[in-house]
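Work through the following exercises with the sequence and the model open side by side.

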Amino acid sequence: MFELRRITKSFGGVHVLDDISIVLKPGDRVGLSGGNGTGKSTLINIATGFLAPSSGQILLDGHSLNDQPPWKYARAGIRRSFQTSRLVPTLTVRDQFRFETCDPARRRQLVAHSALEDVLDLFPFQVPLPVLRKIEVVRALLADPRVLFLDEPSAGLSGEELSAFARFLSRNVSGDAALLIVEHRQDLMRVLVDEIVTLESHVPSVATAGKPAEAVGDA
Amino acid sequence: MSLYVASTLTNVALISFLALSAYLVLVVGEVSFGQQAFFAIGAYVTATVTAIFGGHIILALFLSTIAGGLAALLLAALVIRLSGLYFAIASLCFAELLRLTLLRIRIPLEIDGRSTGMDGPEGFSNIRWIFENDFEVTDFLILTVVCLLALLLLLFYFERTTVMLRARLVGRDSLLAQSLGVRPDHYRMAFIGLSGMVAGFGGALFALFNTHIEPQMFGVMLGVHALAYTVIGGLGAPLGPLIGVGIDIGLLESIRALSEYRMIAFGGLVAVLLIIFPQGLLSPRAVNRLWGRIRRRDV
């Protein structure tokens, strides 16, 4: 079981996350929504070791992962995708899948399920965005993750591509893995997740009127 | 084969070891201006083992390789938190520190009536292994080329392994590497250590061939050249650095008419090549494309 317990995060004086707790059990499908700047990506960065929380605990099976580097999270089975697709530009798609030492049969099966056979010898710049997104997910799935975080995986996908991508995800993310997905597109959320957590902005909205000097409190 | 040609080819092969060591560091994304330090360490260790202790060449090569590797690991351990420009400066400082230290160490010895041993700026003379074992220049050329080919075969095999793929990932995108469970500092340490071993081995052969070594031979320009060879040759395959060495030493140095203008010609050539081939002649993408065509295989 993966748990984010009472996570807070501030950047300087700006509170981005305030007392957030999320529990992910095997098979959970959770969507994370919220407006811009509510800390969705920050939360994924904290949950995968890329950012340290200001306070709070990150637990896997009751063991703390606080202060551990991201590669330890990954080796513990906590995998992620990035908001902008992140592949090695000089490697073919086939080689993007070779970072993991996984069972070749499993690799073949995933590639076949994801219909990526035709692009295996292409470089990322030769592949359309929806396929790049799929490649990133397949790369993460090759490690048989226990928890998978996807950061806006549908960004840039058309409606048709989106439903195909949703089908692909629901078919290929194994039943034992917990999935947390950050997504603006409610249609993807509806198909994929059982529960939606909504983050709200903790940055105070400022509505001021008057001359610029007065508005910034300089009058 | 004329003595001149054999000497030039041997020099190409010897400097190739240094270029390959710079290549191994570049693979993990770091730029080292200090590979000449490990080359120097290998040279001095072999000089000491063969000329002072009368040790066997195999022992000398082995100890030089280990010494080069350990020195590189020491540098890596000291500066593992540095990267990019800071690592480059640290490696340069390390190499200069070593060279300046070698200039200060004077332990002159007399063996069989000949002065030898470390003698500061005068260097280490009478490394007579090549004469004592009746090695002609062509014999030494064969020895060097065989060693270089063995190293190349090893690296070619290594290229297609998961370890090398992950090392290139670390060099390309350290954050992505971490998200895939790859520990970047371990890969950096290991590859910098390996690079030191390769340079140390090359330095050992360099000392045997030249029979005299001195600290000035291992100056900054040697390290800059090693790096330039790799940059113009490309990071796609171990053959890249060798192409760079071949162009500079094999081609430019051997054209006598260019001898005075070699550095200018080489500088100009590097600039032109990098404009036309920004990723070097054997870029990773070109090599991977070629490899994909040669060996279309299952996932």
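**Exercise 1.** In which strand of chain A is Asp19(A) found?

*Solution.* Asp19(A) is found in strand β2 of chain A, residues 14-24, where strands (E, at least two residues) and helices (H or I, at least four) are DSSP runs numbered from the N terminus. Before going further, note that this is a predicted model, in which local features need pLDDT of at least 70 and side-chain atom pairs count only at pLDDT 80 or more, whereas totals for chains, interfaces and linings use all residues. Residues are numbered from 1 along each chain as its sequence is written, while chains are lettered from A and ligands numbered from 1 in the order in which they are written.

Next, consider the backbone: Asp19(A) has a positive phi of about 60° although it is not a glycine.

**Exercise 2.** Describe the strand, the phi angle and the exposure of Arg6(A).

*Solution.* Arg6(A) lies in strand β1 of chain A, which covers residues 2-11. Its phi is positive, about 50°, although Arg6(A) is not a glycine. Arg6(A) counts as exposed because it has 12 C-beta neighbours inside 10 Å.

**Exercise 3.** Summarise chain A as a whole, and state where its pLDDT stays under 50.

*Solution.* Begin with the secondary structure, which comes to eight helices and nine strands. The C-alpha atoms of chain A fill a box of roughly 65 × 40 × 35 Å along the principal axes, and 40% of the 219 residues count as buried. Then turn to confidence, for which pLDDT is the predictor's score for each residue, from 0 to 100: chain A has a mean of 85, and 92% of its residues reach 70 or more. Over residues 204-219 of chain A, however, pLDDT stays under 50, and for this stretch the model has five contacts beyond four places in sequence, a contact being a pair of residues whose C-beta atoms, placed from the backbone, lie within 7 Å. Where pLDDT is low, the predicted coordinates should not be read in detail.

**Exercise 4.** How many residues does each chain give to the contact between chain A and chain B?

*Solution.* Chain A contributes 25 residues and chain B contributes 20 residues. On the chain A side, the elements that give two or more residues are α2 (70-75), α3 (93-96) and α4 (104-113), with α2(A) giving the most, four residues. By class, the chain A side divides into 12 nonpolar, four polar and nine charged residues, where Ala, Val, Leu, Ile, Met, Phe, Trp, Tyr, Cys and Pro count as nonpolar, Asp, Glu, Lys and Arg as charged, and the others, Gly among them, as polar. As for confidence, the model scores ipTM 0.85 and pTM 0.87, and chain B averages a pLDDT of 91, with 98% of the residues scoring at least 70.

**Exercise 5.** At what angle do α1(B) and α11(B) pack, and which classes of residue make their contact?

*Solution.* Helix α11 of chain B covers residues 239-253, and it packs with α1(B) at an angle of about 145°, the axes being 8 Å apart; here axes are lines fitted to C-alpha atoms, for helices over the stretch in contact, and angles run from 0 to 180 degrees between N-to-C directions. The contact of α1(B) with α11(B) has 10 nonpolar, seven polar and one charged residues.

For a second pair, α2 (residues 35-52) and α3 (residues 57-79) of chain B have axes that come within 8 Å and cross at roughly 145°. Their contact has 13 nonpolar, five polar and no charged residues.

**Exercise 6.** Is Ala265(B) buried, partly exposed or exposed?

*Solution.* First locate Ala265(B), which is found in helix α12 of chain B, residues 262-276. Ala265(B) counts as partly exposed because it has 17 C-beta neighbours inside 10 Å. Leaving out residues up to four places away in sequence, Ala265(B) touches Leu252(B) and Leu258(B). From C-alpha to C-alpha, Ala265(B) and Ile276(B) are 16 Å apart in space, at 11 residues apart in sequence.

Terms used. Two residues are in contact if their C-beta atoms, placed from the backbone, lie within 7 Å. A residue is buried if 20 or more other C-beta atoms lie within 10 Å of its own, exposed if 12 or fewer, and partly exposed in between; C-beta atoms are placed from the backbone.
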